[in-house]
Amino acid sequence: MPDPRTPAVAAPSGETWRVFFALDASPALRERTAAHAALWRWSPQARLVAPRKLHLTLVFIAALDSRLLPRLLQLGAEAAACAHGCALVLDRARLWPGGIAHLAPSSVPQALLELHEALLDGVLRAGVATDRRAWKPHLTLARRAQDARPPAHFEGLRWQPRSLSLQRSLPGSGDYLCLGRWRFGGTGGPGA
């Protein structure tokens, strides 16, 4: 059932949107991530990701013709209906060149790999160009964190994602708009 707090999303012709399929962090994971982030030594210029925006990107699309939104919503529903939940352990704290501080799993569950591949295959079959770099599942903690230091030791954050979403990046605001959310096993829909 659609969430009444989520505005209806029209797909005007001719617009190009930045969108991504993602696993959104649960409230419990947001809490544990905030506690973990407190263990880092952050540089003054580091910009921590707001807890409400924490997610693990599955497929990123830099330029979607908004007229193709219905196809991506259908793809999200189909992929979630076939998806199996998985236990994910974010046990690696890393800093990428460019100052992206993140948590990543040392082992990616097969169910998560299959979900990523199903979405990527569906996006490509729909004729949508996507980022073709090797997929590195991660949860971004901060940007512009070039001099940050992760904790030497920590207990991995356990997470059992239960839903998939399609998000739109809103230019200039740094915010996202949920276009659709589906629970694994096939329930939900746009805004669910």
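**Exercise 1. Work out which residues of helix α1 are exposed on the face turned away from its buried side, and then describe the opposite side**.

*Solution.* The face of α1 that points away from its buried side carries the exposed residues P27 and E31, in what is a predicted model. As a next step, take the buried residues of this helix, which spans residues 27-37, and you will find L29, T33, H36 and A37. Finally, ask what lies over the buried residues of α1; the cover includes the strands β2 (47-48), β4 (88-96), β5 (100-105), β6 (139-143) and β7 (157-159).

**Exercise 2. Determine how the span of helix α3 compares with the expected one, and which of its residues are buried**.

*Solution.* Helix α3 runs over residues 110-125, which makes 16 residues, and from its first C-alpha to its last it reaches 22 Å, close to the 22 Å expected at 1.5 Å a residue. Now mark the buried residues of α3, namely L112, L115, H116, L119, L120, G122 and V123. Seen down the axis, they fall within an arc of 165 degrees, so they line one face of the helix. The elements that cover these buried residues include β1 (16-24), β3 (55-65), α2, β4 and β8 (163-170). Just after the helix, G127 takes a positive phi of about 80 degrees.

**Exercise 3. Identify the residues that touch the most other members of the largest nonpolar core, and follow one of them, L166, to its contacts**.

*Solution.* The largest nonpolar core has 45 residues, and those touching the most other members are F21, L58, L72, L119, L164 and L166. Helix α2 (residues 69-82) gives the most to this core, with six residues. Turning to L166, and leaving aside residues up to four places away in sequence, its contacts include V19, F20, F21, L69, L72 and L73, and among the others are L177, C178, L179, G180 and W182.

**Exercise 4. Describe the chain as a whole, from its elements to its contacts and surface**.

*Solution.* Begin with the elements: there are three helices and ten strands, and along the sequence they follow the pattern β-α-β-β-α-β-β-α-β-β-β-β-β. Next, consider burial, where 42% of the 192 residues count as buried. Among contacts with a separation of 6 or more, 76% join residues 24 or more positions apart. Lastly, the accessible surface comes to about 10200 Å², of which 53% belongs to carbon and sulfur atoms.

Definitions and conventions. Residues numbered from 1 in each chain as written. Predicted model: local features only at pLDDT ≥ 70, side-chain atom pairs only at ≥ 80, totals over all residues. Heavy atoms only, no water. Buried < 20%, exposed > 50% of the residue type's maximum accessible area, 1.4 Å probe, protein only. Helix = DSSP H or I, 4+ residues; strand = E, 2+ residues; numbered from the N terminus. Contact = heavy atoms within 4.5 Å. Core = buried A, V, L, I, M, F, W, Y, C linked by side-chain atoms within 4.5 Å. Expected span 1.5 Å × (residues − 1). Arc of directions from axis to C-beta. Areas by Shrake-Rupley, 256 points an atom, 1.4 Å probe, with all protein chains shown as cover.
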